[in-house]
Amino acid sequence: MDVSSLLTSAGINIGTCVVLVSLYSILRKQPANYCVYFGRLLSDGRVKRHDPRWYERFAPSPSWLVKAWETTEDEMLASAGLDAVVFIRMVICSIRIFSIVAVVCIAFVLPVNYYGQKTAHKEVHLESLVIFTIENLNQRSRWLWVHCLALYIISSAACALLYFEYKNIAKRRLAHITGSASKQSHFTVLIRAIPQSPDQSYSETVSKYFTNYYAPSYVSHLMVYRDGFIHRLMNETDRMCQAIKHVSPDLSCNPSLKSCALCGPAATNSFQILSNETDSVKGQLGELTLTTTEEERPVAFVFFKSRYDALVVSEVLQTPNPMLWVADLAPEPHDVHWRNLRIPYRQLWMRRIATLVGAVAFMFVFLFPVAFVQGLTQLQTLSKNFPFLRDLLHKGFMKQVITGYLPSVILVLFFYAVPPLMMYFSTLEGCVSRSLRKKSACIKILYFTIWNVFFVNILSGSVIRQLSVLSSVRDIPAQLAKVVPAQVGFFMTYCFTSGWAGLACEIMQPVGLIWNLIAKVIVKNKEDSYETLRFPYHTEIPRLLLFGLLGFTNSVIAPLILPFLLIYFFFAYLIYKNQIINVYITKYESGGQYWPVFHNTTIFSLILSQIIALGFFGLKLSTVASGFTIPLIFLTLLFSEYCRQRFAPIFKKYPAEILIAMDRADEMTGKMEEIHNNLKAAYSQIPTCSEESSKAGCTSPCSDQELPDSEQLKPEKENHKADYIWAFQRSKSGHDLEVKSCPSASPNRYSPAFAEIYKRT
């Protein structure tokens, strides 16, 4: 690839970014789009809808950039949680590392590469990108010591910055643990694989076991029941609430029927008032004859008197059979993935193997689109295989578009199918928490991205050009050194398309914008109905780490990519901060557990760059540079092992010293009894809002107060609350059945009668 093709791709993507960002700065001011671009603020009730003056609404402005820049980490921590802060720290760490890398390599390595051979240089836009790589140096060149010295500076700076960031994030995680004194998960242990007894239910088995072995610390337990009719009924009620919200108030709500000569009476757009509880509940549920043993699952949440007691139970092996009484610290109540709790524990290892096989199989299937993309980058091969395209390919602009822009666009489009599939694989694994599922999907997408975007691209490009593959493990550094410089043009265009244009699409939210347009124009909803989205860590962290890998591996080989990566990181810092502040809502988090993924992948990228440089020094017959590179690899591995021993355990376990101090503080202040009383309510399986529902159609959050008497809220009075509850007729006492008034409402208290119905179904 020559510089003109690279500039063509850069120009197209820069134009796309400018257009999208300008459109965003205009569309975000339109009151009709507040639900798309201010979902978090609307859900928190911290934004007021207003109609700006006409000249303000249609003029692009950079005010959102200033707001994102001025937002501090403490503000983000208070509103979005630790995971959001850790992600922004990843971006900041990348900016710091590659600022040093860019200064060193652009100032010293790039001129050495460009003037490595005494040849007549063309105009810059006609030059081949190979001129800017280490391939332009002669064998045994005395300038190779510059590359070796730059590699030492890059490795030292990266390791130092990673160490201080790891130390800082570890302190933040410990502060996160101590700051969450009222978290119910610290007192709760999730018990799976409870043995079945023919003489007693699972609940009685759990009570007998923990009373026998943990009597001083055991408080109570809560069984997990199978999903039944009530669970489906409540999900349907959520959807009904959203549908009723947009019913025109001038419609008559009086029960009426229209006669039909052929099919009899037909219902109109009216509500039928049910006469009694038998019609509304018992008539729907029918006769329930399931026994308690059939209702319960062999899973329970067991509550203990102190955090330390729960920690001890979760860490020790309960029985000689590791497949029974499996104990782990429970996830947060909002983080529990209830559907996966019904999966038998003995199936989990088979599910993990099956999902691993499926993910690997999909990686090999993805070889075909990658090979197709690499075929587009090879102009001579493309002309040979498709003779009818020769005239088109010899045109200057079309040649630049096909070889410089089209391959990266096609690969990015293919990659849109990867995150949903990997999330599905992570769900099949049986993760008991949503944060763990998202982290598992993040790791799968990371492996998939690095393998297909980096390794498969360079290997398939080598096969297409030379019909050669790696011959042995010992030749891996040399082979990588040969093929990486040839793909630097593709990596740059991929940075433009997936990085720059991807960030512009992220801030535009095209899917949400189109859905909002459909709701306003076609469905004609009069009220805003919006989705409060979760931040897609499973897609954005792998993308960030991929560009870090490309930066390290090309730093001394082809440093021309570094300025473009720095632009991406700076742009990402502002875009992601804006999205975290305004768009994405935090319902659950992992407590900063994404940082070890970032650290380990960055170390892998650094070591891979050192191995590739070692291969190049060998190809250039520089024994001195090769000899100095080998100790650098071992020193980096030693640094990685030190960080793994020093910081990694903090992200896997809770320190007993901190938990004991928290227990003593709560006992002295008298908060322990209050926490114990709230444990069962926190992990109640009866959801007040559906687990996946994030709809917040109400302009203000619904209150926690009990619903008023239905006789005072008849539909004829055009009261929306009556619309929500009228289908459920209360019993004689008027308090046997309570329903929520809105999917976005905070938890209401459920009556024992309703809980009993749920357990029986």
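The tour goes from a sheet to a helix pair and then to the aromatic rings.

A word on ground rules: this is a predicted model, where local features need pLDDT of at least 70, side-chain atom pairs count only at pLDDT 80 or more, and totals for chains, interfaces and linings use all residues. Residues are numbered from 1 along each chain as its sequence is written, and side-chain values use heavy atoms, with hydrogens and water left out.

**Stop 1: the sheet**

Switch to cartoon and find the four strands that form an open sheet, in the order S2-S5-S1-S6, with antiparallel pairing. Helices (H or I, at least four residues) and strands (E, at least two) are DSSP runs, numbered from the N terminus; two strands pair if DSSP finds at least two bridges between them. Select 218-225 for S2 and 326-329 for S6: these are the edge strands, each pairing on one side only. On average, neighbouring strands here are turned by 25° against each other, direction ignored.

Now pick S1 (residues 188-192) and S5 (residues 296-304), which pair antiparallel over five bridges. Click Ile191 and you'll find its bridge partner in S5, Ala300.

**Stop 2: a helix pair**

Select H1 (residues 3-27) and H22 (residues 488-508). How do their axes cross? They come within 9 Å and cross at roughly 10°, which makes H1 roughly parallel to H22 (angles under 35 degrees count as such). Show side chains at the contact (heavy atoms within 4.5 Å): among them are Leu6, Ile14 and Tyr24 of H1, and Met492, Phe496 and Trp500 of H22.

**Stop 3: aromatic rings**

Rings of Phe, Tyr and Trp (its six-membered ring) pair if their centres lie within 6.5 Å, and the count comes to 51 aromatic pairs. Zoom in on Phe87 and Tyr537: 6.2 Å centre to centre, 75° between the planes, hence edge-to-face (over 60 degrees). Phe87 sits in H7 (residues 82-114) and Tyr537 in H24 (residues 537-553), so the pair ties together parts 450 residues apart in sequence. Both Phe87 and Tyr537 are buried (under 20% relative accessible area, 1.4 Å probe, protein chains only).

Finally, select one aromatic cluster whose members include Phe98, Trp451, Phe490, Tyr494 and Phe569.

Methods: Axes are lines fitted to C-alpha atoms, for helices over the stretch in contact, and angles run from 0 to 180 degrees between N-to-C directions. Angles under 35 degrees count as roughly parallel, over 145 as roughly antiparallel, 65 to 115 as roughly perpendicular and the rest as oblique. Rings of Phe, Tyr and Trp (its six-membered ring) pair if their centres lie within 6.5 Å; planes under 30 degrees apart count as stacked, over 60 as edge-to-face and the rest as tilted. Buried means under 20% relative accessible area, exposed over 50%, partly exposed in between (1.4 Å probe, protein chains only).
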